Amino acid sequence: MADKIFVFEGSNLVITEPENITFENPFFETIYQTLFDEITEGDLSPHIDFDRFHDLSIGFNIFDLAKDNNVRMDKEKTSESKKIKAMLSFLKEFPSFFNFLENINANAEVTIKSAEFLIGDNVSPDNFINVKKIIDDWNRGRWTRTKTVSESQAGVSTLGSISENLLEKALETFIDNDNFFKNNTSEVQSYGDFVLMCLPNNLWLSVKSNFARERLLASGYTTDILGVGFFTDSTEFTSGAKIRNFQKVGFVAMYVPDIPISEDQVTNNTSTYSEIESFYNQHQEHNFPLNINGKPFIRKLSEIGDDVGSLLAEANIKKRTTIGF
């Protein structure tokens with residue numbers, strides 16, 4: 001037996017043969033060996049149907065095997081959810097295998113790590129948008145059947161978690177828990193997800209997934225706030241009334257993707273930002289929105305790292321201000 005080699009964007013990726021891995025317990029070893037035997041070398045796509053995984057002639061029940069080896073799993077009542085939790089406990093240790101599985105959701109941690117395996121690098125301000133695109137592309141090819149209601153609900157919930165986690169990873173070099181930190185206080189969770197200490201008001205960052213709508217408006221409370229997300233509907237940012245509503249509750253800027261994210265955008269080689277820009281160019285009776293400081297209100301998501309970094313470059317909080325941002 002030998003390692004299995006795959007190519008992604010010109011780089012070789014390796015799934016190591018089981019004999020060269022030291023496993024924590026027999027559960028991980030058995031699942032690893034089974035999946036390793038199932039994946040087709042060179043086929044870097046979801047092609048192992050999780051629906052039939054428990055029907056494979058492998059002589060074990062995945063949940064019972066995990067339980068017998070004291071693998072930590074969340075308590076679940078149904079046999080189906082037990083099977084999923086058992087697999088997720090494996091994928092947490094070996095996330096690269098998630099790229100080969102069909103018809104299964106994974107949490108944000110596993111999903112992001114599986115994408116990091118593909119690009120051969122950790123998430124950073126330079127690649128986090130591309131990582132999100134890769135995740136979306138993989139998810140579109142992951143399902144060969146209609147999702148159940150619970151699977152659809154779980155997928156929507158995970159989408160938001162992925163967005164927040166990607167942004168946190170992209171900005172983690174700035175997070176010092178004094179000047180810039182993640183908001184984990186439930187009482188003010190609705191204000192936003194991250195806080196940057198500034199004058200005259202602290203600058204909040206509200207992270208959303210693919211759509212803005214009322215959920216983003218709920219973040220504003222007449223404070224200074226940035227809307228950040230992998231928004232795919234450009235029409236949410238071409239309505240004068242919607243822009244005014246955002247600005248009324250304190251939004252200073254909206255950061256939208258400037259590379260293709262949705263399937264239609266990939267096909268048409270466009271992005272949410274370019275679609276917004278095109279609208280204002282074609283409808284010159286509508287001016288490109290400016291914020292209260294006279295700066296562009298709608299900005300490229302790829303610039304969020306530079307903009308946050310420029311504020312934090314001022315170490316003295318007494319001189320760090322959102323005026324002019």
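**Exercise 1.** Locate Ser 271 and determine whether Ser 271 is buried or exposed.

Solution. Ser 271 lies in the loop between α9 (263-268) and α10 (272-282); helices are DSSP runs of H or I with at least four residues, numbered from the N terminus. The model is predicted, so local features need pLDDT of at least 70 and side-chain atom pairs count only at pLDDT 80 or more, while totals for chains, interfaces and linings use all residues. Residues are numbered from 1 along each chain as its sequence is written, and side-chain values use heavy atoms, with hydrogens and water left out. Because its relative accessibility is 4%, Ser 271 counts as buried (under 20% relative accessible area, 1.4 Å probe, protein chains only). Beyond neighbours within four places in sequence, Ser 271 contacts (heavy atoms within 4.5 Å) Pro 257, Asp 258, Ile 259, Pro 260 and Gln 265.

**Exercise 2.** Identify the residue that caps the N-terminal end of α1.

Solution. Helix α1 comprises residues 26-38. Asn 25 is the cap, with a side-chain oxygen 3.0 Å from the backbone nitrogen of Phe 27. Phe 27 is also among the buried residues of α1, which include Phe 28 and Ile 31.

**Exercise 3.** Classify the relative orientation of α4 and α5.

Solution. The axes (lines fitted to C-alpha atoms over the stretch in contact, with angles from 0 to 180 degrees between N-to-C directions) come within 10 Å and cross at roughly 105°. Helices α4 and α5 are therefore roughly perpendicular (65 to 115 degrees). Among the contacting residues are Ile 112 of α4 and Trp 138 of α5.

Notes
Helices (H or I, at least four residues) and strands (E, at least two) are DSSP runs, numbered from the N terminus. Angles under 35 degrees count as roughly parallel, over 145 as roughly antiparallel, 65 to 115 as roughly perpendicular and the rest as oblique. The expected span of a helix is 1.5 Å times one less than its number of residues. Buried means under 20% relative accessible area, exposed over 50%, partly exposed in between (1.4 Å probe, protein chains only). A polar contact is a pair of N or O atoms within 3.5 Å; within protein, one must be able to donate a hydrogen and the other to accept it, and residues adjacent in sequence count only if both atoms are side-chain atoms.
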